[in-house]
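Look at the structure below together with its sequence. The paragraphs that follow go from the overall fold to its parts.

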Amino acid sequence: MTGEITPDVAIRLKKLTKTYGSGNGTVTAVKSTTLDIFKNEFFTLLGPSGCGKTTLLRLIGGFEYPTTGTILLDGQDIAEVPPFRRPINTVFQNYALFPHMTVAENIGFGLRMLKRPRDEIAARVDEMLKLVRLENLSGRRTGQISGGQQQRVALARALASEPKVLLLDESLSALDYKLRKEMQMELKSLQAATGITFIFVTHDQEEALTMSDRVAVLSSGEIMQIGSPHEVYNRPANRFVANFVGETNFLQGRGLNPDARGTMIDLQGIGAVAIPTKDTVAPGALVHIVVRPEHLRIFPLSHEPASQLTGSVKMVSFCGPETQYTVELSNGSGLLLVRKYNTPDENPSIAIGDDVSVRFTPNTAQVLPG
Ligand code: ATP
C-alpha cells in the first residue's frame, strides 16, 4: 500500500493520526491509520462508541485537520482543500436539512452554492427526486415530512452535486427498526446505481455486515481488521473482532503435538480435537477457540463422547426464526450460547433446567492466540 496509487483507489489514508487536547488530557482519537478505500465501494467503519469512527470521517470530510499523516483523494493530497471544495459530501446523523426550505430547494442547495445554471439545477433536482422516490413531495417543507423522507432528502442533497465520495455518519440510527431495514437496502442500491464511493459509519455490526463490500473494525483509534463481511465474521483477526462482530463463544484450549489430522488442541471439557488452522500452535500454548452459537448443536443429554460438551440449560429465548439457549457448562468453564433454527411445526423439546449435550464441529471453529 505504500507504493504507487492504483487508479481504483478513491481514498488513501497514510499513517493518519488525530489527537485532541494536550499534556495529561491528550486523547488519541485516530492512531496511525493506513487504509485504501476503493472507487465504487460501500465501505463501513464499524466500532464501539469512542473508537474514532466519526473523527476518521471528519478528517476525510475536511472538518478536522490531521495531527500527522496524509489523506489522498485520487492520488492527490487534500490536506489544504477546505471541506466545501472537496468532491466529498456528508450525510449527517441529524440530516441537517433547512426546515424552511422545500424538499426540492434543499436538494438543489449545494448546486445553487456552486452557481450552476438554473436549468441544470432544475433537471438535476428532478433526477434526484426520482432517484429517492420523492417526486410527490417536492414542494413540501422538510419540517413537515417523516424521518425516513428527511433521510432521503439528505441523501438526494448530498448526491446532487455528484461527489466522488459520500460520507454517512450513523445515518440510519434515528429510524425505527423496519424503516432502518428498508433504508439499508435503499442505501445499498443507491450506491450501486450511482457508483459513488460510500463511507458509512456505524456501531451496529448487523448493519455493517448487511450493507458493506468491506468493513474496517476499529477499537480505541486503531483498525483491528479490514475485510469483507464474510471474512470479519468467519475469520476474525483477534478476540476483539470475534466478540464485537456477531455473538461468540470462546473455548479455552492448549496446543498438542500435531498429528496426521493437523493441528491438535486439548480443548477444555472435550479433550483432543483436530482444528483446521493455517497458524502453528506450539504444544502447551494457550489458545482460544471461536465458536459461533449457530455452529453448535444442542441435544437432550446423551453419552456419545464425540466432540461434545455437557451442561444445564439456564435460559431459553424464542427469537422468531431461531431459539437461543444459554447453557452452563458442567466443567465449570462458564456459559455457552447455542442458536438453533426453528421450524414451524416444532415444539421446543429443551427447557430451562434440562441437562443437555452440546455438539461441537471442529471444522467450523477458529483458533486465536490465548
Ligand atoms: P460515537 O459512536 O460515540 O460517536 P466514535 O467512534 O465516532 O464514537 P469519536 O467521536 O471519533 O468516536 O471520538 C473518538 C475519541 O476522541 C473519543 O475518546 C472522544 O471522546 C474523543 N474526541 C472526539 N472529538 C473530540 C474533541 N473535539 N475534543 C476532544 N476529544 C474528542
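The protein is built from eight helices and 20 strands. This is a predicted model, and the predictor gives the complex an ipTM of 0.96 and a pTM of 0.90. Over the protein, pLDDT averages 90, and 97% of the residues score at least 70. Confidence is highest in strand β9 (residues 214–219), at 98, and lowest in strand β13 (residues 271–274), at a mean of 86.

Consider the overall dimensions next. Along the principal axes, the C-alpha atoms of the protein fill a box of roughly 80 × 50 × 40 Å. Of its 370 residues, 34% count as buried. Among contacts in the protein with a separation of 6 or more, 67% are between residues 24 or more positions apart.

The chain is divided into two parts: domain 1 covers 9–243 and domain 2 covers 247–369. Taken over C-alpha atoms, the centres of domain 1 and domain 2 are 39 Å apart. Where the domains are in contact, six residues come from domain 1 and five residues from domain 2. On the side of domain 1 that touches domain 2, the residues divide into two nonpolar, two polar and two charged.

The largest nonpolar core has 88 residues, and Ile-199, Val-217 and Ile-289 have the most contacts inside it. Helix α4 (residues 147–160) provides the largest share of this core, with seven residues.

Leaving out residues up to four places away in sequence, Val-217 touches Leu-46, Gly-47, Met-224, Gln-225, Val-232, Val-241, Phe-244 and Val-245.

In helix α2 (residues 103–113), the buried residues are Val-103, Ala-104, Asn-106, Ile-107, Gly-108 and Leu-111. An α-helix has 3.6 residues a turn, so residues three or four places apart point the same way. Keep that in mind when reading the positions of Val-103, Ile-107 and Leu-111, which are among the buried residues of α2. The buried residues of α2 are covered by elements that include α3 (118–131) and α4. After α2 comes Lys-115, with a positive phi near 60°.

Helix α1 is mostly covered, with seven of its nine residues buried. The buried residues are Lys-53, Thr-55, Leu-56, Leu-57, Arg-58, Leu-59 and Ile-60. Just after α1, Gly-62 has a positive phi of about 95°.

α1 leads on to the ligand. Which element gives the most to the shell around the ligand? It is α1, with three residues. β2 (27–38) and α1 (53–61) each supply at least two residues of this shell. There are 13 residues around the ligand, and those that come nearest are Tyr-20, Ala-29, Ser-49, Thr-54 and Thr-55. Thr-55 is also one of the buried residues of α1. Sorted by class, the shell has four nonpolar, eight polar and one charged residues.

Definitions and conventions: Residues are numbered from 1 along each chain as its sequence is written. This is a predicted model: local features need pLDDT of at least 70, side-chain atom pairs count only at pLDDT 80 or more; totals for chains, interfaces and linings use all residues. A residue is near a molecule or strand if its C-beta atom, placed from the backbone, lies within 6 Å of it. Helices (H or I, at least four residues) and strands (E, at least two) are DSSP runs, numbered from the N terminus. Ala, Val, Leu, Ile, Met, Phe, Trp, Tyr, Cys and Pro count as nonpolar, Asp, Glu, Lys and Arg as charged, and the others, Gly among them, as polar. A nonpolar core is a set of buried Ala, Val, Leu, Ile, Met, Phe, Trp, Tyr and Cys residues joined through C-beta atoms within 7 Å. A residue is buried if 20 or more other C-beta atoms lie within 10 Å of its own, exposed if 12 or fewer, and partly exposed in between; C-beta atoms are placed from the backbone. Two residues are in contact if their C-beta atoms, placed from the backbone, lie within 7 Å. pLDDT is the predictor's confidence in each residue, from 0 to 100. Domain bounds come from an automatic or database domain assignment.
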